[in-house]
Amino acid sequence: MTERILPSRRPAWTALQTHFQSAQKLHLRDLFASDPGRGTRMTAEGAGVFLDYSKNRVTDETLKLLIALANECDLKGRIKAMFGGEKINITENRAVLHTALRAPRTATITVDGKNIVPDVHETLDRMSSFCDRIRSGEWKGHTGKPIRSIVNIGIGGSDLGPVMAYEALRHYTKRELTFRFVSNVDGTDFAEAVRDLDPTETLFIVSSKTFTTLETMTNAQTAREWLLSALRDPAAVAKHFVAVSTNADAVSAFGIDTANMFGFWDWVGGRYSMDSAIGLSTMLAVGPAGFRDMLAGFHAMDEHFQTAAFEKNLPVLMGLIGLWYSSFFEAETVAVLPYDQYLKRFPAYLQQLTMESNGKRVTLGGVEVDYQTGAIYWGEPGTNGQHSFYQLIHQGTKLIPCDFLAFCKSLNPLGRHHDLLLANVFAQAEALAFGKTAEQVKADGVPDWLVPHKTFPGNRPSNTLMLEKLTPFALGSLIALYEHIVFTQGVIWDLGSFDQWGVELGKVLAQRIVPELEGSTEPNLKHDTSTNALIRRYRAAKKK
């Protein structure tokens, strides 16, 4: 392993800082004008994904220096360490092997001396058998009716992945089944999810590794009460609840048959778990074959990440270019703009994946960084966003790198819709890059006073990602692409991308405050004056 020093002290980083002084003044108009082959040369392809990164504010020298930085940070060695099962999550002393979840049966991946691949496929086989029984109607509820509604109860990675995948793959789902997702401890989330469901035909999936997660178990208990208020018999729980957990005692105490408990492992982080048993709702929706197609897409991108030269490696290129904007241009956000309505929850999914992973301010060695780390990810589907926030991206004062996601074929071909959709993808990327000069605006006959308002500065960077069609394979490939972008950037920033200590403090304080809100006697509050006053105001409002 390379010596642990701040990345900003490495020679390649210093060279990039020097290079940045001139590179930041370059305009994409000039870069394209001086290099006629740029638009076809600055591309890469792998695992069914085509990347055009030519509309980025980079030169060949920029890429050379970024790859030199990756090499100085031993990115190849860290990739090998992750895929090899080394305990690279050092603050929790865990391996990081979400990639094992999509490894073929013939693979060998060893953790603590044991090949974990057979366990992965044993769980997948059990999931497949269970899903076949539900989807065929063989599984019956407590009153003998087949299951027609599935409610996934989870939070964070146990919710964001499943709900995103369901929406993304809705075209392939079994339409006779209704799917709902509950995550928020706000009672409205549960109430609205079950309002029109029949308890006799509803199955709940409770996803919590420890079966103690406050929000998930609060919703699960409410679901249990909702079911039993209709069916009365506690034995009904076993026919209407299954668990994704490793806590057999708690699962059994809840009333769930542990034969219907699907586990996963410490080497799977929550935000990397949607292709584990956490994806049970996804498998129920698209079927075991569809789920395995999605896993194949994940695995194809894993193979590309491990084997492609950095100069043609999609996650490495996108990770390095994103780092260039974050740490040198100090851009604070990335807009992910999927031009496919099915991917409407993809930006929300990426928020946890990226921001919980690299939203860190100290290195693995515990040293405070002196550079920008993880960007804020956000976005909405095109073309909706064009009539919303694109104004700021085009003419605002913020530099916002964009990822445009597009598919050559529509799953719902209707007239000229798809041509119009793709025309907007290409036009927006072009407009961001090249803008419209004052001279061009004047040539259109615009009066002088209006020219500044209609001038577009351009030089706004973007990637364009194109795939043939949104399939389960394509979705898996896209998700793995962003997983490995996160990893690439985390290695170079020297961050612990696989822990999330930042979510702990608020949870601990909330547990302390709960009894102060629920108790009948006035609590002895010892918070700051603002928090004390807010608690007292809430208690007073409850009494009215």
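Author: Gladly! Let us begin with one term: a cavity is a set of grid points where a 1.4 Å probe fits but cannot get out. Keep in mind that this is a predicted model.

Reader: How many cavities of 30 Å³ or more does the structure hold?

Author: The general idea is that rolling a probe the size of a water molecule over the atoms shows where empty space is left. Here, the structure holds four cavities of 30 Å³ or more. The second largest cavity has about 170 Å³ of space. It is lined by 21 residues, and those closest to its centre are Met 318, Gly 322, Val 334, Tyr 377 and Pro 401.

Reader: Which element gives the most to the lining of that second largest cavity?

Author: That is helix H13, with five residues. Helix H13 spans 314-329, and other elements giving two or more residues include strand S10 (333-338) and helix H19 (472-493). By class, this lining has twelve nonpolar, seven polar and two charged residues.

Reader: And how much space lies in the largest pocket?

Author: A pocket, unlike a cavity, is an open set of points. In this model, the largest pocket holds about 1,100 Å³. Its lining counts 39 residues, and Thr 213, Gln 500, Val 503, Glu 504 and Lys 507 are the closest to its centre. Helix H20 (504-518) is among the elements that give two or more residues to this lining, and H20 gives the most, with five. The lining divides into 14 nonpolar, 16 polar and nine charged residues.

Reader: Now for buried parts. Which residues of helix H8 are buried?

Author: A residue counts as buried when its relative accessible area is under 20%. In H8, which covers residues 187-194, these are Phe 190, Ala 193 and Val 194. Seen down the axis of H8, the buried residues fall within an arc of 80°, so they line one face of the helix. Strand S6 (178-182), strand S7 (202-207) and helix H9 (214-231) are among what covers them.

Reader: Why does Asp 266 count as partly exposed?

Author: Partly exposed lies between buried, under 20%, and exposed, over 50%. Asp 266 counts as partly exposed because its relative accessibility is 48%. You can find Asp 266 in the loop between strand S9 (261-262) and helix H12 (280-307). Leaving aside residues up to four places away in sequence, Asp 266 touches Arg 94, Ala 95 and Lys 209.

Notes
Residues are numbered from 1 along each chain as its sequence is written. This is a predicted model: local features need pLDDT of at least 70, side-chain atom pairs count only at pLDDT 80 or more; totals for chains, interfaces and linings use all residues. Side-chain values use heavy atoms; hydrogens and water are left out. Buried means under 20% relative accessible area, exposed over 50%, partly exposed in between (1.4 Å probe, protein chains only). Helices (H or I, at least four residues) and strands (E, at least two) are DSSP runs, numbered from the N terminus. The arc is that of the directions from the helix axis to the C-beta atoms. Contact means heavy atoms within 4.5 Å. On a 1 Å grid over the protein atoms alone, a cavity is a set of points where a 1.4 Å probe fits but cannot get out, and a pocket is an open set with protein on both sides within 12 Å along at least five of seven lines; lining residues have an atom within 4 Å of a point. Grid points are joined across faces, edges and corners, and a volume is the space filled by probe spheres set on the points. Ala, Val, Leu, Ile, Met, Phe, Trp, Tyr, Cys and Pro count as nonpolar, Asp, Glu, Lys and Arg as charged, and the others, Gly among them, as polar.
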